[in-house]
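Hi,

Here is the structure I promised to pass on. Have a look at it first, and then read my notes below.

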Amino acid sequence: MRYTLFLLLSLGLLPSGAFASEVSLFDGATLSPLWSIPFIGIILSIAIFPLFAPITWEHHYGKITAGWTLLFFIPLIIMYGAGVSVNIFAHALIEEYIPFILLLLVLFAASGGIHISGNLVASPKFNVSILAIGTLLASVMGTTGAAMLLIRPILMANRNRKHRMHIPIFFIFLVANIGGGLTPLGDPPLFLGFLNGVDFFWTLEHMFLPVLIFSVILLTVFYFIDLYFFRKEQIAKPTESTTIVILGKQNFFIILGVLFGIILSGVWIPGISWDVFGVDVHIENVLRDLLFIVLTIVSLKITSKEIREANNFNWEPIIEVAKLFAGIFLTIVPVITILEAGSNGAFGAILDITHTADGQPINVVYFWVTAALSAFLDNAPTYLVFFKMAGAQAPEGMAAADYLMNAMPATLLAISMGTVFTGPLTYIGNAPNFMVKSMAEQEGIKMPSFFGYMFIAIIVLVPVYILLNLIFL
């Protein structure tokens, strides 16, 4: 984070006139695909280093990300000048990165201030109930928040069972991914869509049935698998009743405040804005982001130290996300710029396979291409890339989000489903996946290897993907 702030401050010393007339020089039709190397480098680093050099990654991921980012910005400044560079930096930081990271920050702080304990008695009914509750909460408090809130109680309740591996696996499927598909608050890709103009209630309306169908199928499958192992272990039917104690309940009001801020910024458009380094900054977005900061501080003030200690709360996960996504949001700019050039850009082949000869999107292909990239990269930048590519087909003067919501809703749905639903295909598809895996292993559960997990996920999830394609695309 320090290197991004330094670069912003140094470039910010330049007068606005230094870049205002030069932005058009950074044209996607003329950019070489080599400009995508820093972005690809960061994504591959996130995927490969934790698997093959975990210690190096743990201690130096910030430096590695900074190195790839500088590999983009140094040539950018040399070839296009400080004017273009500061405008690109300001757009990425102000329009997308700051609101994105502040949302994650406030949800992380609020969920870390809620502790669930009590006499938790394991049973198939109890387990499927926790998964169902987590699936619902994921769209309200985010997949990371819901996962961190409920993974400890469900692991604690099942700590004496022999066959437990299926529990965190389905927890990753449902709570850490699919459950976040109803609102922009739930999953980072959908929030990026919201920041780019997708209506809050459009997501809720169009994703409701896909999320419902997917969740019901997986909860049913989980229940019968859990029931099988429960009977195999000859565990007696619980005679004790489950009692649940929730501490830090005031943080649920913090989450409601976040929801209020997001909805308000989407419906209240007073038309007040000002120019900051060539970026139109709207007052409703500034007030929303300030609200996130205030709510984060309030959550820290109203939550006791003992509750956060009971949750093993620390800032490292959000610091890691902040550093990684600072690099991602900056280095993804040339990729998006090239894609927006359509067939005139270096990535015209992607446009060819996702569109017919007359330029109409092939929604099924959109789904599977975004699915593949979300599984092996990260679903947030994948969403942004394909949202921008599809939106680039909008008529001149029409916003990409308006075009996709009204003229191409099935395409936007394909992108949304392809990123949210396929995050659980691998451990690296979505941020909470690895966190849940790590906590399960700390409880003594032998989790499958990277490819072992991927095989299980493909067997369980791909048939549902095919069904959803047949129904909705």
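Let's start at a strand pair: Trp 274 has Val 281 in β4 as its bridge partner. Strand β3 (residues 273–276) and β4 run antiparallel, paired over four bridges (strands are DSSP runs of E of at least two residues, helices runs of H or I of at least four, all numbered from the N terminus; two strands pair if DSSP finds at least two bridges between them). Two residues sit between the strands of this hairpin, and Phe 277 takes a positive phi near 55 degrees there.

Before going on, some housekeeping. This is a predicted model, where local features need pLDDT of at least 70 and side-chain atom pairs count only at pLDDT 80 or more, while totals for chains, interfaces and linings use all residues. Residues are numbered from 1 along each chain as its sequence is written, and side-chain values use heavy atoms, with hydrogens and water left out.

How far can you trust it? The mean pLDDT (the predictor's confidence in each residue, from 0 to 100) of the protein chain is 86, and 93% of its residues reach 70 or more. Confidence is lowest in helix α1 (residues 2–12), with a mean of 44, and highest in helix α7 (residues 166–174), at 96. Over residues 1–21 the pLDDT is below 50. Where pLDDT is low, the predicted coordinates should not be read in detail.

Next, helix α11 (residues 283–302). Its buried residues (under 20% relative accessible area; exposed is over 50%, partly exposed in between, with a 1.4 Å probe and protein chains only) are Glu 284, Arg 288, Asp 289, Phe 292, Leu 295, Thr 296 and Ser 299. They lie on the same side of α11, because they cover an arc of only 140 degrees around the axis (taken from the directions from the helix axis to the C-beta atoms). Among the elements they pack against are β4 (279–282) and α12 (305–310); contact means heavy atoms within 4.5 Å.

Finally, the structure holds five salt bridges (a side-chain nitrogen of Lys or Arg within 4 Å of a carboxyl oxygen of Asp or Glu). One of them joins Asp 226 and Arg 161 (2.9 Å, N to O). That pair links distant parts of the chain, 65 residues apart, and both residues are buried. Arg 161, Asp 226 and Glu 233 are linked in a network of salt bridges.

Cheers
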